[in-house]
Amino acid sequence: MKTFHTVAELRAALKKERLQDKSIAFVPTMGNLHDGHMSLIRRAVKEGDVVVSSIFVNPMQFSANEDLERYPKTLEEDKKVLAANGCQYLFAPDAKEMYPDGKRSQTQIEVVGLSDILCGASRPGHFVGVSTVVTKLFNIVQPDCAIFGNKDFQQLKVIEDMVRDLSSNVRIIGVDIARNEDGLAMSSRNGYLTEEERRIAPAIYQTLLWAKEALLENSASHEDICEQAQQKLEAAGFRRDYFEIRAQDNLQTPSEEEKSLVILAAAYLGSARLIDNMRIELA
């Protein structure tokens with residue numbers, strides 16, 4: 001695997017691959033990689049002739065009171081696991097390479113209608129930062145396809161809409177959530193959990209399963225299901241952020257006729273903010 005830190009170097013290397021008519025599959029990450037990330041790399045190996053990944057902790061998607069400074073950075077370990085799983089090119093720029101004039105002077109991309117709800121309401125400006133950096137990375141790498149995890153379901157929808165609205169030629173592929181044996185979705189932020197918090201953390205998955213069954217049984221209104229779920233999480237030791245039932249296609253409040261739903265949860269446990277979701281098809 002070859003590692004590049006500048007846009008010019010990576011573009012020059014990938015130009016040679018394109019001249020041989022090779023397809024490029026791309027997996028953008030913020031590093032501190034786990035097996036969830038590797039499931040994306042393994043999917044990329046199947047989708048493209050050339051696999052490119054990026055590691056960039058994007059300051060634009062963190063607000064002033066979030067965990068930018070302490071977000072785990074494990075580049076050397078990440079390089080080893082990427083190479084072992086079939087990644088051929090790694091792009092690992094610094095903030096100056098990505099934002100030469102500073103992030104405040106950077107042109108920004110906003111996906112209207114999706115960027116300020118759910119996680120966007122809890123983290124103002126977050127999805128503008130995501131959309132902007134992903135657009136830049138797509139322009140740098142020029143991939144045929146890009147692979148994202150379904151754990152960040154709202155992010156996936158934001159990127160899908162962005163690609164459609166900007167007439168981008170990148171095919172977006174979502175990969176199923178990678179979970180630990182106890183159901184907890186794999187996440188770099190799981191590393192923030194204490195031993196006791198890690199024991200509690202799977203309750204977010206169990207609560208999603210409970211809510212799914214309640215929806216299938218049509219045993220209560222969406223509002224009641226969500227409130228009961230919040231109470232279950234609080235009883236387990238979480239602090240509430242949101243627990244919502246939305247339409248899968250646009251993440252809006254579903255009509256009574258809507259059959260394709262997604263349950264989305266975000267909650268705080270100690271210093272970690274955990275997110276998870278579960279899709280459901282009603283008969």
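This report describes selected local features of a predicted model.

Local features are taken only where pLDDT is at least 70, side-chain atom pairs count only at pLDDT 80 or more, and totals for chains, interfaces and linings use all residues. Residues are numbered from 1 along each chain as its sequence is written, and side-chain values use heavy atoms, with hydrogens and water left out.

**Annotated position**

The unreviewed UniProt entry lists His 37 under "active site"; UniProt positions follow the numbering used here, feature names are shortened, and annotations may be inferred rather than shown by experiment. His 37 belongs to helix H2, residues 35-47. Helices (H or I, at least four residues) and strands (E, at least two) are DSSP runs, numbered from the N terminus. With a relative accessible area of 13%, His 37 is buried. Here buried means under 20% relative accessible area, exposed over 50%, and partly exposed in between, with a 1.4 Å probe and protein chains only. Apart from neighbours within four places in sequence, His 37 is in contact (heavy atoms within 4.5 Å) with Thr 29, Gly 31, Asn 32 and Ser 188.

**Positive phi values**

Most residues other than glycine have a negative phi. Asp 21 has a positive phi near 60 degrees and sits in the loop between helix H1 (7-19) and strand E2 (24-29). Leu 251 likewise has a positive phi near 60 degrees; its loop runs between strand E7 (239-247) and strand E8 (260-269). Asp 21 is exposed at 69% relative accessibility, whereas Leu 251 is buried at 0%.

**Helix H9**

Helix H9 covers residues 203-217, and its 15 residues should span 21 Å at 1.5 Å a residue, in agreement with end C-alpha atoms 21 Å apart. The expected span is 1.5 Å times one less than the number of residues. Among the buried residues of H9 are Ala 203, Tyr 205, Leu 208 and Leu 215. The buried residues of H9 pack against helix H8 (195-200), helix H10 (222-236), E7, E8 and strand E9 (272-281). Just after H9, Asn 218 takes a positive phi of about 55 degrees.

**Cysteines**

A disulfide is counted when a pair of cysteine sulfur atoms lies within 2.5 Å. By this rule the count is zero. The sulfur of Cys 87 is too far from the closest cysteine sulfur for a bond. Cys 119 is likewise in no disulfide. The values for these two residues are tabulated below.
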